[in-house]
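Subject: Structure for your files

Hello,

Here is the structure you asked about, with the sequence alongside. My notes on the contacts follow below it.

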Amino acid sequence: PTQISQQLHDNAGHRYQVVLDYSGLERFDERNHRSWHDSLHIPTPIMFFAPFLGIFFSLLLAWNMTRPIRQLREGFAKVSRGDLTVRLFPAMKRRYDELSIVAKDFDAMVERIDVLVKAREALLHDISHELRTPLARVQLAVGLARQSELNIPQSLDRIDLETERLDKMIGELL
């Protein structure tokens, strides 16, 4: 049949006639369609714009995934050049994925390296100060020995004592 009808009644007693006319619809037949997208019932403009939209969203997704990786790479490059002030987590904290966790761990690592470098610099400063004191005493003893021959035995004893102290300090450092 090309037409189906049915009568319906509602609770208030009203009658309705529902008619479905099939005569306007075409039966699917591949011979009646001009191209393959007609068989999919997709409008032609969408068929032209769909690839461009797909490429656009693919580029957007690729950019969104590679941007934090580029930020990490740039951060590692800055750290390798000696810049220990670089922090990545503030720029990535709105991302709720594994890359933001990596950025947080990166910041913790750089902070720890910064603390270690500062501690090493303080240690080298202290060591150089501690080594200069006996060295100054040795130079003083040499100066006194050169002034008078009477000071040579005392100066040599002083030089001997200070070189032992220097040797002991260097041994503790090693």
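Is Arg-158 buried, partly exposed or exposed? The model is a predicted one, and in it Arg-158 has a relative accessible area of 36%, so Arg-158 is partly exposed.

Salt bridges

The count of salt bridges comes to six.

- Glu-162 with Arg-158: the closest N and O atoms are 3.4 Å apart.
- Glu-162 with Arg-165: here the closest N and O atoms are 3.2 Å apart. Arg-165 and Glu-162 are three residues apart in helix α5, so about one helical turn separates them.
- Glu-162 with Arg-137: the N to O distance is 3.6 Å. This pair links distant parts of the chain, since Glu-162 is in helix α5 (residues 152–173) and Arg-137 is in helix α4 (residues 98–147), 25 residues apart.

How exposed are the partners? Glu-162 has 0% relative accessibility and therefore counts as buried, the cut-off being under 20%. Arg-137, at 33%, counts as partly exposed. Arg-165 is also partly exposed, with a relative accessible area of 36%. Through shared partners, the salt bridges join Arg-137, Arg-158, Glu-162 and Arg-165 into one network.

Aromatic pairs

There are two aromatic pairs by count. In one of them, the ring centres of Phe-56 and Phe-57 are 5.4 Å apart and the planes meet at 65°, so the pair is edge-to-face. The other is Phe-76 with Phe-106, also edge-to-face, at 4.8 Å centre to centre and 80° between the planes. Because Phe-76 lies in helix α2 (residues 44–80) and Phe-106 in helix α4, this pair ties together parts that are 30 residues apart in sequence.

The charged end of Lys-104 sits over the ring of Phe-89, at 5.6 Å from the ring centre.

Helices α2 and α4

How are α2 and α4 oriented to each other? Their axes come within 11 Å and cross at roughly 10°. Angles under 35 degrees count as roughly parallel, and α2 and α4 are therefore roughly parallel to each other. On the α2 side the contact is made by Met-65, Pro-68, Ile-69, Leu-72, Gly-75, Phe-76 and Val-79. On the α4 side the residues are Leu-99, Val-102, Ala-103, Phe-106, Met-109 and Val-110. Phe-76 and Phe-106, the edge-to-face pair described above, are thus both among the residues of this contact.

To keep the two links to α4 apart when you look at the model: Arg-137 of α4 pairs with Glu-162 of α5, while Phe-106 of α4 pairs with Phe-76 of α2.

Regards

Conventions:
Residues numbered from 1 in each chain as written. Predicted model: local features only at pLDDT ≥ 70, side-chain atom pairs only at ≥ 80, totals over all residues. Heavy atoms only, no water. Salt bridge = Lys/Arg side-chain N within 4 Å of Asp/Glu carboxyl O. Helix = DSSP H or I, 4+ residues; strand = E, 2+ residues; numbered from the N terminus. Buried < 20%, exposed > 50% of the residue type's maximum accessible area, 1.4 Å probe, protein only. Phe/Tyr/Trp six-rings, centres within 6.5 Å; stacked < 30°, edge-to-face > 60°. Lys NZ or Arg CZ within 6 Å of the ring centre and 35° of its normal. Axes fitted to C-alpha atoms, helices over the stretch in contact; angles between N-to-C directions. Parallel < 35°, antiparallel > 145°, perpendicular 65-115°, else oblique. Contact = heavy atoms within 4.5 Å.
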